[in-house]
Amino acid sequence: MTILSFFTRASKAFHGYPVASKLLVLCTISGGGLVAYSESQSGLSSPNGGVNQIEPRKKKVVVLGTGWAGTSFLKDLDASIYDVQVVSPRNYFAFTPLLPSVTCGTVEARSIVEPVRNIIKKRRGEIQFFEAECVKVDATSKKVMCRSNIESLVGNDEFSLEYDYLVVALGAQVNTFNTPGVAENCHFLKEVEDAQKIRRSVIDCFEKACLPSLSEDERRANLHFVIVGGGPTGIEFAAELHDHFEEDLVKLYPAVKDLVKITVIQSGDHILNMFDERISSFAELKFARDGIDVQTGCRVVSVSDKEIMMKIKAKGETCSIPHGLVVWSTGVGTRPVVRDFMEQIGQANRRILATDEWLRVKGCDEVYAIGDCATIVQRKIMEDISNIFEAADKDKSGVLTVSEFQDVIDDIIVRYPQVELHLKSKHLTDVTDLLRDSEGNELKEVDIEGFKLALSQVDSQRKSLPATAQVAAQQGSYLSGCFNRMEQIKENPEGPRRFRGSGRHLFRPFQYKHFGQFAPLGGEQAAAELPGDWVSMGHSTQWLWYSVYASKQVSWRTRMLVVSDWTRKFIFGRDSSRI
């Protein structure tokens, strides 16, 4: 009797016993062990006499990037539905809002990073991760070309992945505005490696200034720290650096303590100009008390290894200032691989990758883009105004009554969020308040021209979302929810009415919810702008910042590490070792 015929007969014998058919059959042959599963033979019939059905192929989802958007998408995605593959040059997620704290040793770099494999192993289903960099997206053949950054080991570094759905979450790079010398002579603060490099460079500046062979002017130049950009990142770094000097370095380098200078260069009229005016004024007054020089209305023309050339807008003059370290923090730009992809799909003239309200890349239905690498282009209501009027005018009378308008109000507000923003700006409580004449009297009905006039100013409230971690995380979570319900939702669409065409959109469009923003200002003080136009500043706000940032950590491991770093700083101070 052959082994095959034995297991065939054994399988037939167990057909009447479904439980027994799941058991392992152990056979000992010539002192060796053999383990076999009675139903593993692909040619055997199932108990009902039919042939085993082959499971349908799972659709391939390729995710590019493990930043805020990509990680948020992976955390909430039901990976058992799809064949998921992740590509990123870094095998960790970094809590980027704490990068300024890493530059001065307030928090250690490893305390704010979580390995990607730790995150994906907790998800339902299997997710494959490849530590490599995406070098090209081929939209025509639906492939991504990747290259490993690990060059010292054997094997081919390049490979390609096919996809059914592509999620682009590559983030953005620092925008230098093509200013000469910036790339060669400035530090950036976008990645963990940037923060570690700044930390070493700060200590280098102090150590070099202590050498006996330097003149006082050379010491002053080496200890002049310049931050270009008055946004949240630049301001927080300036505050961290000032605290580091006042609380730690002044005790270690007493000989040069009077030579240190921190300068913030801002092209606008105020720092933190995206915050409430009260916060901006508070920050400027505090920096003035702390001795941090804030130069507003200045534009950097060029940067060399020893000095910065900047133009003072009010006077039209150009001046130079020496520096020991320059941190460039002036916004973000598009990465080359995303720029190449944009050229393929007809977005070459755009500054940033455009998506619709459902985060689909315009011109590529199977590609989604989330986070800093893309922007949502909100559709104008005036582009569909005729279709909206036609859909609301049920009796085809050529005029729209208030009741007919009310029937489509909910769909209009969901599809065109600028309508609600317009109502708030005009202090109106209801959309029907738009249907009034020039004297404010309510109209019982309007024709198409009157309808256009009533909504003509709505599109002025269209706004682009800021490139923040909060936006990226919400987009990733929203998109994973759409993927999880992709098949079920086809039978019961939940989105607004399609004014162009019939039926409804499958999903509600993405809607960002702003939960506020913080600006740590040093000296255990911070400013916060929270929902409801609530502004808070001072020491209590700093403790609120501690609690929020601790709670937002991606794991309990990083949460404990960050809190322990803060505790260590209060007890022992920051570590000034150059490691």
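This is a predicted model: local features need pLDDT of at least 70, side-chain atom pairs count only at pLDDT 80 or more; totals for chains, interfaces and linings use all residues.

Reader: Okay, which residues of α2 and α16 meet?
Author: From α2 you have W68, A69, S72, F73 and D76, and they meet A469, A472, A473, G476, S477, L479, S480, F483 and N484 of α16. By class, that contact has eight nonpolar, five polar and one charged residues.

Reader: And at what angle do α2 and α16 pack?
Author: About 35°, with the axes 7 Å apart. Helix α2 covers residues 68-76 and α16 covers 469-484. Their crossing is right-handed.

Reader: Switching to sheets. What's the strand order in the one with β13?
Author: That open sheet of four strands runs β15-β14-β13-β19, with parallel pairing. β15 (293-296) and β19 (325-328) are the edge strands, each pairing on one side only.

Reader: How many bridges join β13 to β14?
Author: Five, between residues 224-228 and 261-266. F225 stands opposite I262 in β14. Helix α8 (residues 232-252) packs on this sheet, touching β13, β14 and β19, and its direction makes about 175° with that of β14.

Reader: Now the sheet with β9. Is the pairing there parallel or antiparallel?
Author: Antiparallel, in an open sheet of three strands ordered β8-β9-β10.

Reader: Why is one side of β8 and β10 left without a neighbour in the sheet?
Author: Because β8 (133-138) and β10 (158-162) stand at the edges, each with a single partner strand. The twist averages 25° from one strand to the next.

Reader: And what's the bridge partner of R147?
Author: E158, in β10. Strands β9 (residues 143-147) and β10 pair over five bridges.

Technical notes:
Residues are numbered from 1 along each chain as its sequence is written. Side-chain values use heavy atoms; hydrogens and water are left out. Two strands pair if DSSP finds at least two bridges between them. Helices (H or I, at least four residues) and strands (E, at least two) are DSSP runs, numbered from the N terminus. Axes are lines fitted to C-alpha atoms, for helices over the stretch in contact, and angles run from 0 to 180 degrees between N-to-C directions. A crossing is left-handed if the near helix is turned anticlockwise from the far one by less than a right angle, and right-handed if clockwise. Contact means heavy atoms within 4.5 Å. Ala, Val, Leu, Ile, Met, Phe, Trp, Tyr, Cys and Pro count as nonpolar, Asp, Glu, Lys and Arg as charged, and the others, Gly among them, as polar.
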